[in-house]
Amino acid sequence: MAALVVCSSVAGGRRHGPSGFDGGRRAACSVGPWAVGLLAVLHRHGLYCVLHQQRRLAGWVLAGRRAHQRCEPGRAGEGYRRRLFAFQGKEVAVVGGGDAAMEEALFLTKFATKVTVLHRRDVFRASAIEYQRAADHPAVIIRPHAVVDRWLHGPDGLRGALVRDPRDGKTEEMHFDGAFLAIGNKPMTKFLGGQVSLDSEGYITQTEHTMTSIPGVFAAGDVVDKRYRQAVTAAGMGCAAALDAERWLAEHSS
């Protein structure tokens, strides 16, 4: 839910429908008829939900995930999204072939006049809808079979890259003013500070159904799901976590 709450729009939704924050607020209000109370706290890292019944507590971790993204170092583009206005009216490149790359390319069209997506293969991991949205945008150019061998720098910072075609080894110089690496996603679990067991990739491990290593704390959505990472699957997992929390409270009520 946290990923939806912090979004201004949701893919596949109505063009002028409610924002992600409105959706999260409505979801929190919808549990009003329950016999237990709900406290939802949105902070800079994610969303916590705490169910309380008398003196018993149960918690959900619904913090979602965020993309691994950074700007290629260079004085013209140092710091991810911190100096995007420096690219106003310029050309940039995005390296990657997943949803993160397509979303980043579309976002950058708000500033740059041309966004080139470089991907090492002609098969993209991005979902069909995200790929098509990027491919249909007039300011986005998708270049498959493109591997960055070396970044090219000038006196004012990054000026392009030496790009190689892995099929025949041919190289060419591409010129742009900034490059953004969109190389997958990571779960937003750092804020937990090691209190809940995580796997080697930072995803929360579950011991019994949706329960974490801490009894009474449950996890759902992209903090545990490496495979599907869709809003609808996260919603289903959230429902399961809510049911598990309700049953846990009933079993442990004094």
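**The open sheet and its setting**

Analyst: Strand 9, which spans residues 157-164, is joined to strand 10 by five bridges, and the two run antiparallel. This is a predicted model.

The pairing belongs to an open sheet of three strands, whose order is 8-9-10 and whose pairing is antiparallel. Strand 8 (147-154) and strand 10 (171-175) are the edge strands, since each of them pairs on one side only. From one strand to the next, the twist averages 25°.

The setting of the sheet is a chain with five helices and twelve strands. This chain has 254 residues, and 40% of them count as buried. Its exposed surface comes to about 14,600 Å², of which carbon and sulfur atoms supply 51%. Where contacts in the chain link residues at least 6 apart in sequence, 50% of them join residues at least 24 apart.

Leu-243 lies in helix 5, which covers residues 231-252. Between Leu-243 and Thr-210 there are 33 residues of separation in sequence, while their C-alpha atoms are 9.6 Å apart in space. Leu-243 counts as partly exposed because its relative accessibility is 37%, and that class lies between the limits of 20% for buried and 50% for exposed.

How values were computed
Residues numbered from 1 in each chain as written. Predicted model: local features only at pLDDT ≥ 70, side-chain atom pairs only at ≥ 80, totals over all residues. Heavy atoms only, no water. Pairing = 2+ DSSP bridges. Helix = DSSP H or I, 4+ residues; strand = E, 2+ residues; numbered from the N terminus. Axes fitted to C-alpha atoms, helices over the stretch in contact; angles between N-to-C directions. Buried < 20%, exposed > 50% of the residue type's maximum accessible area, 1.4 Å probe, protein only. Contact = heavy atoms within 4.5 Å. Areas by Shrake-Rupley, 256 points an atom, 1.4 Å probe, with all protein chains shown as cover.
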